[in-house]
Amino acid sequence: MKTALVCGAGGFIGSHLVKRLKREGFWVRGIDLKFPEFGETEADDFLIADLREPQNCREIVDRRFDEVYQLAADMGGAGYIFTGEHDAGIMHNSAMINLNILEACKNRNVKRVFYSSSACMYPEHNQLDPNEPVTREDSAYPANPDSEYGWEKLFSERLYMAYRRNYGMETRIARYHNIFGPEGTWTGGKEKAPAALCRKVAEAADGGEIEIWGDGEQTRSFLYIDECLEGTIRLTRSDVTEPVNVGSEEMVTINQLAEMIMDVANKKLTLRHIPGPLGVRGRNSHNELIGKCLGWKPSEPLVEGLRKTYPWIERQLEQLRGSNSVSVAAE
Ligand code: NAD
């Protein structure tokens, strides 16, 4: 039986990846600081441990796993990454995790290690025009990410590539572009735009209004979780050694995203623009390389993913309201 280790298996993408690997018949070990928030893990073995500790990593990588997926990171949406308040922790925590896991894998002779980088590593100066953002893989240098989160990703990409060159490991690197779907963070400050907007729309009464950070004309693309997993697995098992974009090419403004969610929810709301952390002006996935080297690229329209995500967030909100009213009634 093939074996896989998923680091960050209590998080959004990691918990979905565990399910996917189980469906493929793998024996899976998951590791995280926490269990998945929105359901039982399907991992055969799930350890609560801090990957910033080298000793923990040595104990977790106790065999020659066929595939290791490194998704653990100190991470959040714009409200977490772009305020500057968490910079030191983000850089320290995520770099420690990557340093420790790679070293532990090298020492057990684990060969195939996937690393989840981010489109946030692309230079800010190529993403000033919301209509023509540049995210070709080879545009990464000269480097100029707009956040410390992006700089850490760039450092760690280089670390994974160096371990490949120096130690013969088969490291694979995806640059994810805004992954979304059910069972992702949807409230509390670490949620990203699709989940935050789904929640705001679900909270608002028909005819009311929702707040949008900035003028809402900043552009992005969003990739549904299932396609992210498909790209991740195909890339991990491929012979592609350079970082590859895993994202959607369907670029929308944040205002358009809000309109799409309102359509899905069948609500008419007014958008009120307020100051807030924004990130780059424009970003879209450039999918020439993934199409060429994997013979596959994401193709599901954004609205399909929103149709699966909105009802899940609406249910979370209803459950929360239900449990609040129960506790108020009990007081
Ligand atoms: P997530 O925050 O839901 O999952 C990350 C997990 O890592 C969390 O469960 C967290 O508890 C765990 N973790 C953090 N510090 C740890 C530590 N010291 N020891 C053990 N576990 C620790 O994030 P996600 O959306 O699932 O993202 C997974 C990966 O993909 C991350 O590396 C992220 O940077 C990258 N990524 C995600 C997106 C996206 O849109 N979701 C975009 C680009 C890149």
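**Salt bridges and a buried serine**

Modeller: Let's start with lysine 268, which forms a salt bridge with glutamate 259; their closest N and O atoms are 3.8 Å apart. Keep in mind that this is a predicted model.

Biologist: Is lysine 268 buried or exposed?

Modeller: Lysine 268 counts as exposed, at 56% relative accessibility. The cut-off for exposed is over 50%.

Biologist: And what about glutamate 259, buried, partly exposed or exposed?

Modeller: Glutamate 259 is partly exposed. Its relative accessible area is 33%. Partly exposed covers the range between the buried cut-off, under 20%, and the exposed one, over 50%.

Biologist: How many salt bridges are there in the whole structure?

Modeller: A search of the whole structure gives 28.

Biologist: Give me another one. Which residue does lysine 22 meet in a salt bridge?

Modeller: Aspartate 44. The N to O distance between the side chains is 2.9 Å. This pair links distant parts of the chain, 22 residues apart.

Biologist: Where do the two partners sit?

Modeller: Lysine 22 is in helix 1, residues 12-23. Aspartate 44 is in the loop between strand 2 (27-32) and strand 3 (45-48).

Biologist: What is the accessibility of lysine 22? And of aspartate 44?

Modeller: Lysine 22 has 23% relative accessibility, so it counts as partly exposed. Aspartate 44 has 39%, and it also counts as partly exposed.

Biologist: What does glutamate 209 pair with?

Modeller: Arginine 272. Their side chains meet in a salt bridge at 2.7 Å, N to O.

Biologist: Which residues are linked in a network of salt bridges?

Modeller: Arg20, Glu24, Glu67, Glu230, Arg234 and Arg237.

Biologist: New topic. Where does serine 156 lie?

Modeller: In helix 5, which runs over residues 148-167.

Biologist: Is serine 156 buried or exposed?

Modeller: Buried. Serine 156 has 0% relative accessibility, and the cut-off for buried is under 20%.

Biologist: What is serine 156 in contact with, leaving aside neighbours within four places in sequence?

Modeller: Asn98 and Tyr115.

Methods
Residues are numbered from 1 along each chain as its sequence is written. This is a predicted model: local features need pLDDT of at least 70, side-chain atom pairs count only at pLDDT 80 or more; totals for chains, interfaces and linings use all residues. Side-chain values use heavy atoms; hydrogens and water are left out. A salt bridge is a side-chain nitrogen of Lys or Arg within 4 Å of a carboxyl oxygen of Asp or Glu. Helices (H or I, at least four residues) and strands (E, at least two) are DSSP runs, numbered from the N terminus. Buried means under 20% relative accessible area, exposed over 50%, partly exposed in between (1.4 Å probe, protein chains only). Contact means heavy atoms within 4.5 Å.
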